[in-house]
Amino acid sequence: MHFGQGPAGTEVPGMSQERLIALETDILAKNDRYAEGNRRVLGNLGAFAVNLVSSPGSGKTTLLCKTIEMLNARAGDAPLAVIEGDQQTANDAERIRATGARAVQVNTGKGCHLDGHMVGHAMEHLEIDPASYLFIENVGNLVCPAGFDLGEDCKVAILSVTEGEDKPLKYPDMFTVSEIALLNKVDLAPHCDVDLDLYEANLRRVNPGIRVLRLSARTGEGMQDWLDWLDQRLKAKQQSVQAAETPATETGPTETRSTETFPTETLGA
Amino acid sequence: MHEMSLCEGVRSVIEDAALANGFSSVSRVRLEIGRFAGVEKPAMAFAFDVVMRGSVAEGAALEMIDLPGRAMCYDCAKEVEIAHRLDDCPLCGGGKLMPMGGDEMRIKDLEVT
C-alpha cells in the first residue's frame, strides 16, 4: 500500500486525498516577492538601504535628521533619500525635507508596518541615485515590522535609554532580526537611573550577534561611529556589486530559490 | 498584531492556487505556525473568518499546526529545541541563543472541492 501517490503526495486522516492541494507556501510569499524586487533594484544601483525600526518615541526621526546633517556636512559623501512610514500625517517627511534631503511619506492608515509593495512604489517616486543611501523609517512599532521584509540590506533597531532595560526581552523579535542596535538618548542616562550595560546585555541575550552603538542624536555623542558604520557598509555593498559584475559568474541562485518556493505565484501590479 | 495582514496573504495565495488548480471552494485550510512567529491564534482565527468572506475560502475551517522553536546556542554551539523565546540552553544552560527556526508561517495544504 502506498499513501503518498495521490495528487497531494501525502495521506492525511479525515481528508480526502483527491481534494487535497499541498501548497507549502509562505504566507508572506507575496510580500517577499516585492521585497526581492526592491532588493534587485537597489543591488543594480549599488545603493545601501537600512530599515530603521523602533517603538514610537525612540527618536528615529531626530536621529535621521542628525545623520543627514552630518552626511551633508562631509564633502563628497554619497547622495541619500528617505522613505517615511507613519499611520497618519506627513510631519516626518517634512522634517526630513527641511534638511534638504529627498523624502516621500507613506501613510499606512490602519496598517501597523510598511510592506514590500509600499516601499517599491515609494522607491519609484524617489528615483534612487546609484551608490546612495536609502533610509526607510518604519512605523513606530516593535512587533509587526520585524516580520515584513522590505528589500533592505539590514534592519537597524533604535532603543532609547528611557524605555527600560528589559525592552529587548519583552519584544525580542525586532532585536533578533536587527543587525545593529543604536542605544539612543544616552545624554539622558544620568537622569533616568538606567544601567547601559544591562541594556547591552539584554540585547545580546536575544541576539548574541548584535552590534550595539551608544549615541545621542541630540548632543551628537557617538554619532560618528554610526556614520562610520554606514560608510563602511555602503563601500562593502559597492564591492559586492562590482564583484557580481565581473565575468565568470553563474548568477541566479536567489531567483531560482524564489520560484521554487512560490510555484503558483502570479505577481500583481 | 498583524493577523489581519497575514490572512490577506493567505487569501491571496489561495486565490492564486484556485486559478492554477481550478477549484472553486475550499473547505479546510491548514497552516503551519512556528512557536516564535508571534502569531496569536485566536486573533488569527477571527481574522481568517473575516478576511475569507467573499472568497473561495469563505466558511472554510482553519487548522493551525504548531512548529517547534529552534535555536543555536552560542555557548555550546549546538542547535537545540526550546519552548519559549527566552529559555536557556537545555544542554549547557547558556543564555545566548540565536533563533534558527520557529518563525515559520506557511500554508501547508488546502482541502478543496
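Which residues in α2(A) meet which residues in α8(A)? In this predicted model, A:Lys66, A:Thr67, A:Met70 and A:Leu71 of α2(A) meet A:Met223, A:Trp226 and A:Leu227 of α8(A).

## Helix packing in chain A

The residues of this contact between α2(A) and α8(A) divide into five nonpolar, one polar and one charged. Two packed helices are described by the angle between their axes and the distance between the axes. Helix α2 covers residues 60–73 of chain A, and helix α8 covers residues 223–245 of chain A. They pack at an angle of about 70°, and their axes are 11 Å apart. Angles of 65 to 115 degrees count as roughly perpendicular, and α2(A) and α8(A) are therefore roughly perpendicular to each other.

## The contact between chains A and B

The contact takes 32 residues from chain A and 29 residues from chain B. On the side of chain A that touches chain B, the elements giving two or more residues are β1 (20–26), α1 (29–45), α6 (172–177) and α7 (196–206) of chain A. Of these, β1(A) gives the most, with seven residues. By class, the side of chain A that touches chain B has 15 nonpolar, nine polar and eight charged residues.

Strand β1(A) is also joined to a strand of the other chain: five bridges link β1(A) to β6 (residues 105–112) of chain B, and the two run antiparallel. Within this pairing, A:Ala22 stands opposite B:Asp109 in β6(B).

## B:His2

UniProt lists B:His2 under "binding site", in an unreviewed entry. B:His2 is placed in the segment before α1 (3–21) of chain B. Is B:His2 buried or exposed? With 25 other C-beta atoms within 10 Å, B:His2 is buried, because 20 or more such atoms count as buried. Not counting residues up to four places away in sequence, B:His2 touches A:Cys112, A:His113, A:Cys144 and A:Gly147.

## The sheet of chain B

Chain B has an open sheet of three strands in the order β4-β3-β5, with antiparallel pairing. At the edges stand β4 (79–82) and β5 (97–101) of chain B, each with a single partner strand, so one side of each is left without a neighbour in the sheet. Direction ignored, neighbouring strands of this sheet are turned by 40° against each other on average.

Strand β3 (residues 69–73) of chain B pairs with β5(B) in the antiparallel sense over four bridges. In this pairing, B:Arg70 has B:Gly101 in β5(B) as its bridge partner.

The feature "binding site" is placed by UniProt, in an unreviewed entry, at B:Cys73, B:Cys76, B:Cys89 and B:Cys92. These residues span 20 residues in sequence, yet no two of their C-alpha atoms are more than 8.7 Å apart, so they gather at one spot.

B:Cys76 lies in the loop between β3 and β4 of chain B. B:Cys76 is partly exposed, with 13 other C-beta atoms within 10 Å. Leaving aside neighbours within four places in sequence, B:Cys76 is in contact with B:Cys89, B:Leu91, B:Cys92 and B:Gly94. B:Cys92 is placed in the loop between β4 and β5 of chain B, and B:Cys92 counts as partly exposed, with 13 C-beta neighbours inside 10 Å. Not counting residues up to four places away in sequence, B:Cys92 touches B:Cys73, B:Asp75 and B:Cys76.

Note on methods. Residues numbered from 1 in each chain as written. Chains lettered and ligands numbered in written order. Predicted model: local features only at pLDDT ≥ 70, side-chain atom pairs only at ≥ 80, totals over all residues. Axes fitted to C-alpha atoms, helices over the stretch in contact; angles between N-to-C directions. Parallel < 35°, antiparallel > 145°, perpendicular 65-115°, else oblique. Contact = placed C-beta atoms within 7 Å. Nonpolar A, V, L, I, M, F, W, Y, C, P; charged D, E, K, R; others polar. UniProt positions renumbered as here; feature names shortened; annotations may be inferred. Buried ≥ 20, exposed ≤ 12 C-beta atoms within 10 Å, placed from the backbone. Pairing = 2+ DSSP bridges.
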